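Good morning, colleagues. Please look at the sequence and the structure as I bring them up, and I shall then take you through the fold.

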Amino acid sequence: MRAPAPAFAANLNGETIEAVRATLGAALIDAVDQVGEVALYVEREAIVEALTKLRDTPGLEYQQLMEIAGVDYPDRAERFEVVYCLLSLTRNHRLHVHVATDEDKPVPSVTGIWPVAGWLEREVYDMYGVLFTGNADLRRILTDYGFRGHPQRKDFPLSGFVEMRYSEEAKRVVYQPVQLAQDFRNFDFQSPWEGAQYVLPGDEKGMLPEAKGAPTPLKADTIVKADAAKAPTETPKAGSEPYAKTTAEGSAQTGAGEAHGGNKADSKPGESDVIPTKGQGQNQ
């Protein structure tokens, strides 16, 4: 390195674009300064040569490949873009290189320049289905064995095709078709509390008029009307007890006791429960 701590090259985008145009020549489709970063659009067949020059040319020196990303534009003829993110340690500067392709046209692999690109290209292939020629081990890296489709495509179904689970009966991992109770793509965009009218089993009971004492609470005016309907038609006389019986056969029914001192002969029990003995009390 020229310096132990190179300064941040934030204002070198213009100089970098001029140097890239002079270095890449016809392999460069366009070079733009977007949101403070340099974006290079390169021919697909010349990607290996272009990245080699970006790494080895003095004044550029982008030594490290930080990431390879995929982008999907379904409306384009070549719907996919492979983006190479590069870092220059000597200049403390970054840029990204874009290559356009589709499902059938492969992109040359850059594993001969940066061996780490093998893993990154496998990820782009797994997520988007972009093919890379020259990659010795182009296999899926994130999805499971037997997975069909590519998850990051914008036309990929959200639910997938199959799901994996461990079966206690078979004592192994089994695959089965995905069964969803709700289709992710069908929404009414209405609030479940306001607009939508969802009638669940049992809701029809709340739509019928309820009597007093029903499990569902009633309004106050409804309860008053129900009490008035069951009230007695005859009003009690003034000063009378509301719960006392008007006719009673004895004091036991009216609750009124007899006056003290009215002892009668027949009020004593026929036989005494305690038989006293001579010279001994009843408690002896």
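Which residues in H2 are buried? Before I answer, please note that we are looking at a predicted model. The buried residues in H2 are Ile 47, Ala 50, Leu 51 and Leu 54. Viewed down the axis of H2, these buried residues fall within an arc of 95 degrees, so they line one face of the helix. As a general point, an α-helix has 3.6 residues a turn, so residues three or four places apart point the same way.

What do the buried residues of H2 pack against? Their partners are H1, S2, S4, S5 and strand S6, which covers residues 107-108. The helix H2 itself lies across S2, S4 and S5, and it runs at about 175 degrees to S5.

Let me turn to the sheet. It is an open sheet of 5 strands, in the order S1-S2-S5-S4-S3, with mixed pairing. S1 and S3 are the edge strands, each pairing on one side only. From one strand to the next, the twist averages 20 degrees. S3 and S4 pair in the antiparallel sense, over 8 bridges, and the bridge partner of Leu 65 in S4 is Leu 86. Another helix, H3, also packs on the sheet: H3 touches S3 and S4, and its direction makes about 10 degrees with that of S3.

I come now to the core. The largest nonpolar core has 34 residues, and those touching the most other members are Leu 40, Leu 51, Leu 54, Ile 68, Tyr 84, Leu 86 and Val 97. Among the elements that give two or more residues to this core are helix H1 (13-24), helix H2 (47-56) and strand S5 (93-101). Helix H3 gives the most, with 5 residues.

As an example from this core, consider Leu 40. Leaving aside neighbours within four places in sequence, Leu 40 is in contact with Val 20, Leu 28, Asp 30, Ala 31, Leu 54, Leu 95, His 96, Val 97 and His 98.

Finally, the chain as a whole. The chain has 5 helices and 9 strands, which follow the pattern α-β-β-α-β-β-β-β-α-β-β-β-α-α along the sequence. Of its 284 residues, 26% are buried. Among contacts with a separation of 6 or more, 47% are between residues 24 or more positions apart. The accessible surface of the chain is about 21000 Å², with 53% of that belonging to carbon and sulfur atoms.

Key:
Residues numbered from 1 in each chain as written. Predicted model: local features only at pLDDT ≥ 70, side-chain atom pairs only at ≥ 80, totals over all residues. Heavy atoms only, no water. Core = buried A, V, L, I, M, F, W, Y, C linked by side-chain atoms within 4.5 Å. Buried < 20%, exposed > 50% of the residue type's maximum accessible area, 1.4 Å probe, protein only. Helix = DSSP H or I, 4+ residues; strand = E, 2+ residues; numbered from the N terminus. Contact = heavy atoms within 4.5 Å. Pairing = 2+ DSSP bridges. Axes fitted to C-alpha atoms, helices over the stretch in contact; angles between N-to-C directions. Arc of directions from axis to C-beta. Areas by Shrake-Rupley, 256 points an atom, 1.4 Å probe, with all protein chains shown as cover.
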